[in-house]
Amino acid sequence: MASLLYFNHADSVSISKRLGHARVSTTTDIYTHLIAQADEAASECIADAVLRKKA
């Protein structure tokens, strides 16, 4: 569930609540690798839209 939510741009607070964690830090500590991957995907999206020429 966390993967689906992170890669569909849900925020950490909402994900934490859905997973039943008492603290957001619990969620971010466990799913740090997903946050980094989702951030990389967002970065690529921005680069595609702004920096890269379309054929």
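In the predicted model of the protein chain, confidence is highest in helix 2 (residues 12–19), at 95, and lowest in helix 4, at a mean of 85. These values are pLDDT, the predictor's confidence in each residue, from 0 to 100; the chain averages 87, and 95% of the residues score at least 70. Helices are DSSP runs (H or I, at least four residues) numbered from the N terminus. Because the model is predicted, local features need pLDDT of at least 70 and side-chain atom pairs count only at pLDDT 80 or more, whereas totals for chains, interfaces and linings use all residues. Residues are numbered from 1 along each chain as its sequence is written, and side-chain values use heavy atoms, with hydrogens and water left out.

Not counting residues up to four places away in sequence, Tyr6 touches Ser12, Ile15, Thr27, Thr28, Tyr31, Leu34, Ile35 and Ala38, contact meaning heavy atoms within 4.5 Å.

Thr27, found in helix 3 (residues 24–30), counts as buried at 0% relative accessibility. Buried means under 20% relative accessible area, exposed over 50%, and partly exposed in between (1.4 Å probe, protein chains only).

Ser3 lies in helix 1 (residues 2–7) and is partly exposed, with a relative accessible area of 35%.

Terms used: Helices (H or I, at least four residues) and strands (E, at least two) are DSSP runs, numbered from the N terminus.
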